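Reader: I am new to this structure. Please pick one part and take me through it closely. What surrounds it?

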Amino acid sequence: MSAWINAVLSGLLALNVTLPMTDTNGSEIANLCLTEWSVGQGEYKCYMDYRTITDTSSPQWELQQEAWTDENGLRRYEDRYCIALGSAYGSDIGARYIIELEDGAQYRCVLADQKADCDTNAEHTADMNGAVVEFIVDTPVLPSDVRSMGDVSYINGFAGEIRKIYQED
């Protein structure tokens with residue numbers, strides 16, 4: 001695998017890589033050109049209800065009109081989980097990401113909202129509680145332990161630290 005330094009963003013090393021990848025079902029994803037960030041934090045995964053997106057002229061609102069809710073209460077757009085990230089990872093609503101956990105599990109995601117810089121750390125990589133990824137959800141459908149703990153990590157398969165974030169180009 002070849003990689004080269006693309007940018008250093010507030011202490012984050014971002015690399016451009018081209019590599020074969022598989023999704024969580026083991027299906028091969030075509031060789032992708034990705035921007036990769038090593039994260040090493042973010043065991044806590046917060047959430048926000050999709051109904052808090054109220055600006056009907058925004059791309060966030062438009063994306064939610066085509067999104068659906070899965071059996072765990074997570075909002076999905078096509079086959080991807082709807083998430084919000086800090087601006088260090090990009091700010092284009094609709095951008096596609098792969099979130100990799102410490103156990104190697106990978107989740108295909110789409111940027112469905114942007115964390116406000118004033119609500120994140122100085123590097124704009126995580127919120128003040130250390131959450132790197134914020135899932136967009138349908139709160140009443142979430143499992144009760146997720147609602148009581150305020151953490152998507154309580155959904156089977158979502159526990160663990162975020163090891164890498166890949167942005168698909």
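Author: A strand here is a DSSP run of E of at least two residues, numbered from the N terminus. By that rule, Ala 112 lies in strand 9. Let us look closely there. Keep in mind that this is a predicted model.

Start with the setting. The protein chain has two helices and eleven strands. Along the sequence they follow the pattern β-β-β-β-α-β-β-β-β-β-β-α-β. Of the 169 residues, 50% are buried. Take the contacts between residues at least 6 apart in sequence: 65% of them join residues at least 24 apart.

Now the residue itself. Ala 112 has a relative accessible area of 0%. Buried means under 20%, so Ala 112 counts as buried. What does Ala 112 touch, leaving out residues up to four places away in sequence? The list is Ile 53, Gln 60, Leu 63, Gln 64, Cys 82, Ile 83, Ile 93 and Ile 136. Asp 92 is 20 residues from Ala 112 along the chain, and their C-alpha atoms are separated by 8.8 Å.

Among the contacts of Ala 112 are Gln 60, Leu 63 and Gln 64. These three are the buried residues of helix 1, which spans residues 59-66. Seen down the helix axis, they fall within an arc of 100 degrees, so they line one face of helix 1. An α-helix has 3.6 residues a turn, so residues three or four places apart point the same way. The buried residues of helix 1 pack against strand 6 (75-77), strand 7 (80-85), strand 9 (106-114) and strand 10 (134-137).

Step back to the cores. The largest nonpolar core has 25 residues. Leu 85, Val 133 and Phe 135 are among those with the most contacts inside it. Strands 7, 8, 9, 10 and 11 each supply at least two of its residues. Apart from this core lies another, of ten residues, including Leu 63, Ala 67, Cys 82 and Val 110. Leu 63 and Cys 82 are also touched by Ala 112.

One more feature remains. The structure holds one cavity of 30 Å³ or more. About 40 Å³ of space lies in the largest cavity. Its lining consists of Lys 45, Ile 99, Leu 101, Tyr 107, Val 133, Phe 135 and Phe 158. By class, that makes six nonpolar, no polar and one charged residues. Val 133, one of the lining residues, is in contact with Lys 45 and Ile 99, among others. Ile 83 is also in contact with Val 133, and Ile 83 is touched by Ala 112.

How values were computed:
Residues are numbered from 1 along each chain as its sequence is written. This is a predicted model: local features need pLDDT of at least 70, side-chain atom pairs count only at pLDDT 80 or more; totals for chains, interfaces and linings use all residues. Side-chain values use heavy atoms; hydrogens and water are left out. Buried means under 20% relative accessible area, exposed over 50%, partly exposed in between (1.4 Å probe, protein chains only). Helices (H or I, at least four residues) and strands (E, at least two) are DSSP runs, numbered from the N terminus. The arc is that of the directions from the helix axis to the C-beta atoms. Contact means heavy atoms within 4.5 Å. A nonpolar core is a set of buried Ala, Val, Leu, Ile, Met, Phe, Trp, Tyr and Cys residues joined through side-chain atoms within 4.5 Å. On a 1 Å grid over the protein atoms alone, a cavity is a set of points where a 1.4 Å probe fits but cannot get out, and a pocket is an open set with protein on both sides within 12 Å along at least five of seven lines; lining residues have an atom within 4 Å of a point. Grid points are joined across faces, edges and corners, and a volume is the space filled by probe spheres set on the points. Ala, Val, Leu, Ile, Met, Phe, Trp, Tyr, Cys and Pro count as nonpolar, Asp, Glu, Lys and Arg as charged, and the others, Gly among them, as polar.
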